[in-house]
Amino acid sequence: MSRAFVREDPEELPSRYELPTRNDPGFDQAAAWALLEGANRGDSLGAEAATGYRWGEPALRPLIEQILVHARSRGDDRLEQLAERFLKA
């Protein structure tokens with residue numbers, strides 16, 4: 001994992017991720033968003049722990065591709081960048 005996505009400041013409280021239960025049909029979509037949010041915050045490890053998925057998880061690729069389309073349609077360059085990095089991992 002790139003160190004650019006890892007927060008190294010141990011004094012900060014860990015990020016919280018609002019996720020539905022694992023058996024909820026929307027869990028994977030929420031997990032995909034949480035992984036991108038975690039990377040944006042510099043808390044990829046926390047997002048991975050919260051979701052149970054690792055950065056670049058193949059099972060989430062179709063969802064990340066949808067998020068990438070969404071980011072491009074909104075002109076959200078940062079989200080687009082994160083989604084592209086996820087897909088390259």
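## Overall fold

Of the chain's 89 residues, 36% are buried (under 20% relative accessible area with a 1.4 Å probe, protein chains only; over 50% is exposed, and partly exposed lies in between). The model is predicted: local features need pLDDT of at least 70, side-chain atom pairs count only at pLDDT 80 or more, and totals for chains, interfaces and linings use all residues. Residues are numbered from 1 along each chain as its sequence is written, and side-chain values use heavy atoms, with hydrogens and water left out.

The chain contains four helices and zero strands (DSSP runs numbered from the N terminus; helices are H or I of at least four residues, strands E of at least two).

## Aromatic pairs

Two aromatic pairs are found in the whole structure (ring centres of Phe, Tyr and the six-membered ring of Trp within 6.5 Å; planes under 30 degrees apart are stacked, over 60 edge-to-face, the rest tilted). Phenylalanine 27 and tyrosine 53 have ring centres 6.4 Å apart and planes at 35°, so this pair is tilted. Phenylalanine 27 is in helix H1 and tyrosine 53 in the loop between helix H2 (44-51) and helix H3 (61-74), so the pair ties together parts 26 residues apart in sequence. Phenylalanine 27 is buried at 4% relative accessibility, as is tyrosine 53 at 12%.

The rings of tryptophan 55 and phenylalanine 86 have centres 5.1 Å apart and planes at 75°, so this pair is edge-to-face.

## Around aspartate 28

Aspartate 28, in helix H1 (residues 27-41), is partly exposed at 30% relative accessible area. Leaving out residues up to four places away in sequence, aspartate 28 touches Tyr53, Leu60 and Leu63 (contact: heavy atoms within 4.5 Å).
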